[in-house]
Amino acid sequence: MNSLMSIKLALKKFAGRNEALLIPIFKFLVAFMALSRINSTIGYMARLKSAPVTLIIALAASFLPLNLTIVILGFVVIAHVYALSMECALVVFALFLVLYLLYFRFASKDAVGGVLTPLSFVFKIPYVMPVSMGLTGTPSSMVSVGCGVVIYEVLHFIAGHKEELSSGEEADKLGQFKTLIDAIIVNREMMALAVSFAVTVLVVYIIRRLPIKYAWFMAIAAGELSLLIVTLMAATVLNADISFGSLFIGVIVSTIVNLILQYFLFDLNYNRIEKVQFEDDEYYYYVKAVPKNEFVAEERSEKKRAVRRPAPQVRAKQPVRPRPAEREEYVERRTANPDHEQQALRTAAAIRGANAGQAQPRPTLQRPGERTLQRPGEARPGETRTVQRTPQRPGSDNLR
Amino acid sequence: MLDEKRIKLMTRMASYEDNEGRKNTSVANHFRSDYVGLEVVKAIICATIAYMIVCGVYLYYDFEELMVNIYKTDIWDLAAKILKNYVIFTVSYCVIVYIAFSVKYGKAKKNLKRYFNNLKLLGSMYNEQQEDKE
């Protein structure tokens with residue numbers, strides 16, 4: 001849990017530090033993804049479809065306000081549809097104009113929902129959007145999500161009926177127009193999804209605003225349930241062609257995505273709720289303060305360190321061993337003479353010589369061609385000496 | 001001497017001025033009736049254009065049938081029907097707009113009031129600092 005908190009904190013810090021860079025990148029990515037999807041599904045105008053034009057528009061979008069980008073995307077769609085059929089372009093233009101005049105004119109903040117909903121359909125995660133918009137938006141987001149569903153279905157229909165809509169004969173022009181209008185009016189799948197999405201946004205918004213514990217979790221759960229039930233009901237009543245398997249999988253994916261969203265946007269610690277009550281001249285105040293979850297990395301690491309560090313071992317007192325006479329002498333010399341290493345070696349050699357009749361050479365690292373310093377009583381390289389071994393005196397090992 | 005509390009307050013106020021503040025000031029420069037009335041007038045214009053577009057699309061959609069039955073159709077009855085639908089649509093849309101913009105006006109006023117209270121608080125902080133210096 002703490003590692004998740006640290007990731008969240010790191011991401012927040014990173015976003016805060018690089019905000020000036022990240023926002024244009026985000027805008028660029030949204031515009032680029034939307035344009036590429038538009039080009040791949042209804043890219044009928046070759047000039048607009050080309051990669052340089054797509055890149056230029058996406059780059060321009062990264063410095064423009066998001067709402068202006070949405071207007072540009074709208075015109076790109078109309079241009080592509082115009083290359084297919086003028087009548088269809090007229091219908092799409094009329095649809096966009098009506099949506100703008102009646103809704104997006106004064107709810108410009110919600111326009112993002114109108115773009116992200118079709119994109120979520122393209123990325124096969126359409127059921128994420130209503131709950132996300134309910135968590136982050138206002139009740140009016142239900143209209144923008146509904147508009148997003150309508151836009152997607154219209155474009156999807158145009159992409160799927162290219163031959164039907166693109167015949168060049170004059171007599172068929174009215175037929176094309178009628179086909180598209182029928183597709184908008186009598187599209188049962190679109191109606192079912194628009195209704196269920198709108199209801200879900202409203203349910204999620206109402207529950208997340210309730211002054212109860214775990215309101216966001218409950219809102220997500222209720223939203224997913226309502227999404228499931230209302231979509232199933234609407235699909236049954238309207239006889240719409242909605243795959244129940246994809247609906248169930250979509251709802252599960254939506255739950256996971258929205259739980260992640262909740263973690264980043266509204267992570268509260270309900271165990272530390274504080275309730276205070278006070279008054280002034282006019283009112284009594286009953287305040288319930290719910291603290292946010294805090295990152296306690298320093299404290300935890302200190303605690304961990306404290307746990308990892310082995311506890312000091314209490315040793316039983318060893319009986320003091322009487323030092324041999326030679327050891328006493330060595331200690332005295334070492335304290336008296338600063339060159340104690342050499343002294344110690346000489347002393348050791350003397351003691352060993354006394355014990356064994358010959359001192360043992362100290363192992364040294366010797367480079368090729370390097371002469372070893374000769375110690376008194378030591379054999380020269382290549383010289384062999386006969387050594388008479390005598391049993392060692394007990395206690396002489398202490399000096400090694 | 002830097003005063004952390006004062007700096008926090010000033011940062012919050014500056015952020016408000018840059019984002020919501022501008023819009024709220026333009027909203028609160030009007031009386032409630034003027035502001036909401038103007039928005040309702042705009043809504044009537046927009047609703048009229050939208051209704052005309054929908055009617056135009058419908059006429060084009062049903063053009064053949066309309067031409068075939070043009071002499072059989074009671075034009076006044078058709079006009080009355082279109083007008084009735086227009087009034088219902090426009091009035092219901094204007095009611096929604098009226099409620100939405102009334103709420104928006106109330107919020108803007110409330111935010112501005114909070115902003116001016118913060119301004120007063122900031123002034124008093126400066127006065128206290130001045131007195132401390134003296």
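Among contacts in chain A between residues at least 6 apart in sequence, what percentage join residues at least 24 apart? The share is 71%, where two residues are in contact if their C-beta atoms, placed from the backbone, lie within 7 Å.

The structure is a predicted model, in which local features need pLDDT of at least 70 and side-chain atom pairs count only at pLDDT 80 or more, while totals for chains, interfaces and linings use all residues. Residues are numbered from 1 along each chain as its sequence is written, and chains are lettered from A and ligands numbered from 1 in the order in which they are written.

**The two chains**

The table sets the chains side by side; helices (H or I, at least four residues) and strands (E, at least two) are DSSP runs, numbered from the N terminus, and a residue is buried if 20 or more other C-beta atoms lie within 10 Å of its own, exposed if 12 or fewer, and partly exposed in between, with C-beta atoms placed from the backbone.

| Chain | Secondary structure | Buried residues |
|---|---|---|
| chain A | 17 helices and 2 strands | 26% of 400 residues |
| chain B | 4 helices and 0 strands | 10% of 134 residues |

Along its sequence, chain B reads α-α-α-α, and among its contacts between residues at least 6 apart in sequence, 96% join residues at least 24 apart.

**Where the chains meet**

In the model, 11 residues of chain A are in contact with 10 residues of chain B. On the side of chain A that touches chain B, α6 (86-104) and α11 (173-185) of chain A each supply at least two residues, and α6(A) gives the most, with 6 residues. By class, this side of chain A has 9 nonpolar, no polar and 2 charged residues, where Ala, Val, Leu, Ile, Met, Phe, Trp, Tyr, Cys and Pro count as nonpolar, Asp, Glu, Lys and Arg as charged, and the others, Gly among them, as polar.

**A helix and a strand pair in chain A**

Helix α2 (residues 19-42) of chain A has 24 residues and spans 34 Å from its first C-alpha to its last, close to the 34 Å expected at 1.5 Å a residue, the expected span being 1.5 Å times one less than the number of residues. Its buried residues are A:K27, A:V30, A:A31, A:A34, A:L35, A:I38 and A:I42, and what covers the buried residues of α2(A) includes α4 (51-61), α5 (66-84), α7 (111-122) and α9 (141-160) of chain A. An α-helix has 3.6 residues a turn, so residues three or four places apart point the same way.

Strand β1 (residues 274-279) of chain A runs antiparallel to β2(A), and 6 bridges join them; two strands pair if DSSP finds at least two bridges between them. A:V276 has A:V287 in β2(A) as its bridge partner, and A:E279 stands opposite A:Y284 in β2(A). Of the 6 residues of β1(A), the number buried is 0, so β1(A) lies largely in the open.

**Confidence**

The mean pLDDT of chain A is 76, and 72% of its residues reach 70 or more, pLDDT being the predictor's confidence in each residue, from 0 to 100. Among the elements of chain A, helix α15 (residues 297-308) has the lowest mean pLDDT (51) and helix α12 (residues 188-208) the highest (91).
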